[in-house]
Amino acid sequence: MSMHEKHIASFEISAKEALKRINSLNLDKVLFLVDKKNRLCGSVTDGDLRRGFLSDIKLEDPVKKCAKVKPAY
């Protein structure tokens, strides 16, 4: 997996999987979320996940529940 691929994940992964992926990154703790056609759909950081957990999302919930949709790029 290339350095850039580590920052890309499916919009449908679980919050738990997103947390694991973000934790494994060395720098720039952000995941860019793409749909099945590899189009950018959103982004998620560890802070987004923490706020989501405080708002009662579960580890098994899709990460899209706490992701920032329509990120600026």
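Helix α1 covers residues 15-24, and its buried residues are A15, A18, R21 and I22. Buried means under 20% relative accessible area, exposed means over 50%, and partly exposed lies in between (1.4 Å probe, protein chains only). Viewed down the axis of α1, these buried residues fall within an arc of 125 degrees, so they line one face of the helix. The arc is taken from the directions that run from the helix axis to the C-beta atoms. The face turned away from the buried side carries the exposed residues N23 and S24.

This is a predicted model: local features need pLDDT of at least 70 and side-chain atom pairs count only at pLDDT 80 or more, while totals for chains, interfaces and linings use all residues. Residues are numbered from 1 along each chain as its sequence is written, and side-chain values use heavy atoms, with hydrogens and water left out. Helices (H or I, at least four residues) and strands (E, at least two) are DSSP runs, numbered from the N terminus.

What do the buried residues of α1 pack against? They pack against β1 (8-10), β2 (30-34), β3 (40-45) and α2 (46-54). Contact here means heavy atoms within 4.5 Å.

Now follow the strands. Four of them form an open sheet in the order β1-β2-β3-β4, and the pairing is mixed. The edge strands are β1 and β4, each of which pairs on one side only. Two strands pair if DSSP finds at least two bridges between them. β1 and β2 pair in the parallel sense over three bridges. A9 has L33 in β2 as its bridge partner. β2 and β3 pair in the antiparallel sense over five bridges. There, V30 stands opposite T45 in β3.

β2 is mostly covered, with four of its five residues buried. F32 lies in this strand, β2. F32 counts as partly exposed, at 36% relative accessibility. Together, I8, F32 and L40 make a nonpolar surface patch of about 240 Å². Patches are made of residues with over 30% relative accessible area and no salt bridge; like charges are joined within 9 Å, and nonpolar side chains (Val, Leu, Ile, Met, Phe, Trp, Tyr) within 5 Å. The accessible areas come from the Shrake-Rupley method with a 1.4 Å probe, and for residues only the protein chains shown count as cover.

In α2, the buried residues are G47, D48, L49 and G52. Their cover includes α1, β3 and β4. After α2 comes D56, whose phi is positive, near 75 degrees.

Charged side chains come next. How many salt bridges does a search of the whole structure find? The search finds six. A salt bridge is a side-chain nitrogen of Lys or Arg within 4 Å of a carboxyl oxygen of Asp or Glu.

One of them lies within α2. R51 forms a salt bridge with D48, and the closest N and O atoms are 2.9 Å apart. Both residues lie in helix α2, three residues apart, about one turn of the helix. An α-helix has 3.6 residues a turn, so residues three or four places apart point the same way. D48 is buried, with a relative accessible area of 4%, whereas R51 is partly exposed at 47%. D48, R51 and K68 are linked in a network of salt bridges.

Another joins E12 to K64, with the closest N and O atoms 3.2 Å apart. This pair links distant parts of the chain: E12 is in the loop between β1 and α1, K64 is in the loop between α2 and β4, and they are 52 residues apart. E12 is partly exposed at 49% relative accessibility. K64 is partly exposed too, with a relative accessible area of 34%.

The last stop is D61. Where does D61 sit? Its place is in the loop between α2 and β4 (68-69). Is D61 buried or exposed? D61 is buried, with a relative accessible area of 15%. Leaving aside neighbours within four places in sequence, D61 is in contact with I13, S14 and A15. A15 is also among the buried residues of α1. D61 forms a salt bridge with K65, the closest N and O atoms being 3.7 Å apart. K65 itself is exposed, with a relative accessible area of 53%.
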